[in-house]
Amino acid sequence: THTHTQHHLLCCVLPCAPWSCLPARRLQTFGGSLRNLARSIQSLFGSRNFDEPRVVKGLFNMNTTSTKSPQEVRDEVLRVMRAANLEIREKGFMIKCKMFDEAGRETVGIGMEVCRVQRMELTGIKLTRLR
């Protein structure tokens, strides 16, 4: 059976693994639990595809939403940050910036994620303070 094949594969590949001693019926439950855990983690952290913005639900106000496309919002945020000479790190639709005082010490770091608002045709910016 399929379950027996999974059990055999896991026992042969990783004989010292904790599931190697599980009967096939318990292994099926264990495998289902792992799949559920993986789905939960993926939904918590969003898609690993950084080429597209995440779709999030939550409270946004009119100051952090726009009817522009996520790419246009991202480009505008980057333009403003570069004009302010901020240190910027970007990965897809995640943008992190650091602000420094006159002595060169970091005063504050801000994380911004451009995302689509669930069930609405809006683009939002989620702001987080870093450190």
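1. Two strands pair if DSSP finds at least two bridges between them. Strands (E, at least two residues) and helices (H or I, at least four) are DSSP runs, numbered from the N terminus. In the hairpin of E5 and E6, five residues lie between the strands, and Arg 119 takes a positive phi near 65°.

2. Basis of the values. This is a predicted model, in which local features need pLDDT of at least 70, side-chain atom pairs count only at pLDDT 80 or more, and totals for chains, interfaces and linings use all residues. Residues are numbered from 1 along each chain as its sequence is written, and side-chain values use heavy atoms, with hydrogens and water left out.

3. Confidence. pLDDT is the predictor's confidence in each residue, from 0 to 100. The protein averages 76, and 66% of the residues score at least 70. Confidence is lowest in helix H1 (residues 2-13), with a mean of 44, and highest in helix H3 (residues 70-83), with 94. Over residues 1-20 the pLDDT is below 50, and this stretch has 19 contacts in the model beyond near neighbours in sequence; contact means heavy atoms within 4.5 Å. Where pLDDT is low, the predicted coordinates should not be read in detail.

4. Overall make-up. The protein has three helices and six strands, and from the N terminus on its elements run α-α-β-β-α-β-β-β-β. Of the contacts with a separation of 6 or more, 35% are between residues 24 or more positions apart. Of the 131 residues, 25% count as buried; buried means under 20% relative accessible area, exposed over 50%, and partly exposed in between (1.4 Å probe, protein chains only).

5. Strand pairing. Strand E6 (residues 123-130) pairs in the antiparallel sense with strand E2 (residues 65-66) over two bridges. In that pairing Ser 66 stands opposite Thr 123 in E6. Strand E5 (residues 106-117) also pairs with E6 in the antiparallel sense, over eight bridges. Here Met 112 stands opposite Leu 127 in E6.

6. Salt bridges. How many salt bridges does a search of the whole structure find? There are six, a salt bridge being a side-chain nitrogen of Lys or Arg within 4 Å of a carboxyl oxygen of Asp or Glu. Side chains of opposite charge can pair when their charged atoms come close.

7. A link between distant parts of the chain. The side chains of Glu 113 and Arg 54 form a salt bridge (2.7 Å, N to O). Glu 113 is in strand E5, and Arg 54 is in the loop between helix H2 (24-45) and strand E1 (55-56), 59 residues apart. Glu 113 is buried, because its relative accessible area is 13%.

8. A pair within helix H3. Glu 76 lies in this helix, and its side chain meets that of Arg 79 in a salt bridge (2.6 Å, N to O). Glu 76 and Arg 79 are three residues apart in H3, so about one helical turn separates them. Glu 76 counts as partly exposed at 34% relative accessibility, and Arg 79 counts as partly exposed at 48%.

9. Remaining charged groups. Arg 105 and Asp 101 meet through their side chains in a salt bridge (3.1 Å, N to O). Arg 105 counts as exposed, at 56% relative accessibility, whereas Asp 101 is partly exposed, with a relative accessible area of 22%. A network of salt bridges links Arg 74, Asp 75, Arg 82 and Glu 90.
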